[in-house]
Amino acid sequence: PASPASPASPAPRPPPGALAPTHPPLFQVNVSNIKAIVVDLLKQNVIRGRALLVRSLMKAQGASPNFSRIYAALLAVINTKMPEIGELLVKRAVNQFNRAYRRHDKVVCNGVVKLIAALVNQQLVHELLALQLCILLLETPTDDSVETVVTFVTECGAALAEVSPQALNSIFERLRSILHEGAIDKRVQYMIEGLYAVRKSNFADYPAVLPELDLVEAEEQITHEASLDEQLDLEETLDYFTFDPDFEANEAAYVRVRREILGDDSDSESGDDDDDDDDDDD
């Protein structure tokens, strides 16, 4: 018999409508192809596979935090049609931050705050979460916590200035007092001064949403609320396969949702893809 690694034993293919264990397009998403990737994703049953999609998005963002704005824009489009996916990612991002903060994991903290900032910019999560995060990090300031706040406010300060200017002012007042106390490292003091310069320019180099990533009308966006203190339901059972006795009915229901979003052409395109796969098998 052929060994597991043998070419004679090909890897099993996922069933139709299922997301692959890893979704390479998520790692390839950029400004130019984001709309096409959203369409490709919606052709799959992302409601059934929402935990897998969220995990893939967070893994891709964790590997490339500087692309957080692009991943948030992609999620913003999906969130308008399927808010349960946006809500799940918000809850898991908050949980990831809490875990990293408790473990004093600076790298993960800095990465996930960029994601949360991008979610704030896209109005996927309420700005109160951003303010709560800053208060927590500045309550007992350290070099790492202040640096994380500077990173966070740089990324979403423009959005906070628009929706909650008084709260943003209070954050800068706290940073000013920390700067005057002189208890933190010189490098971090320079970072605070740099943030003040960014604010003076009205965050000109850090707009809340880049024009090419402004894909959702403000009135269509669904904003989720989350708190660092609340017990969040991470819906971890979605990470595991469970038998669905109503599989065919649920798949048919998703097809109707997909047609409503993408139009009837999505069926023919999906059929073409399946035919191509069959030809490859032959």
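## Burial and surface

Of the 282 residues in the protein, 42% are buried. Buried here means under 20% relative accessible area. The model is a predicted one.

What does the accessible surface of the protein come to? The total is about 15500 Å². Carbon and sulfur atoms account for 51% of that surface.

## Overall fold

The protein has zero strands and twelve helices. Reading along the sequence gives the pattern α-α-α-α-α-α-α-α-α-α-α-α.

Now take the contacts in the protein between residues at least 6 apart in sequence. Of these, 77% join residues at least 24 apart.

## Helix α11

Helix α11 covers residues 247–262, which is 16 residues. From its first C-alpha to its last, α11 reaches 22 Å. That is close to the 22 Å expected at 1.5 Å a residue.

Which residues are buried in α11? They are E251, Y254 and R258. Why do these three lie on the same side of α11? They cover an arc of only 60° around the axis, so they share one side of the helix.

The face of α11 turned away from the buried side carries R256 and E260. Both of these residues are exposed. Exposed means over 50% relative accessible area. So α11 has E251, Y254 and R258 buried on one side, while R256 and E260 are exposed on the face turned away from it.

## After the helix

Which residue follows α11? It is G263. The phi of G263 is positive, near 95°.

Methods
Residues numbered from 1 in each chain as written. Predicted model: local features only at pLDDT ≥ 70, side-chain atom pairs only at ≥ 80, totals over all residues. Heavy atoms only, no water. Helix = DSSP H or I, 4+ residues; strand = E, 2+ residues; numbered from the N terminus. Buried < 20%, exposed > 50% of the residue type's maximum accessible area, 1.4 Å probe, protein only. Contact = heavy atoms within 4.5 Å. Areas by Shrake-Rupley, 256 points an atom, 1.4 Å probe, with all protein chains shown as cover. Expected span 1.5 Å × (residues − 1). Arc of directions from axis to C-beta.
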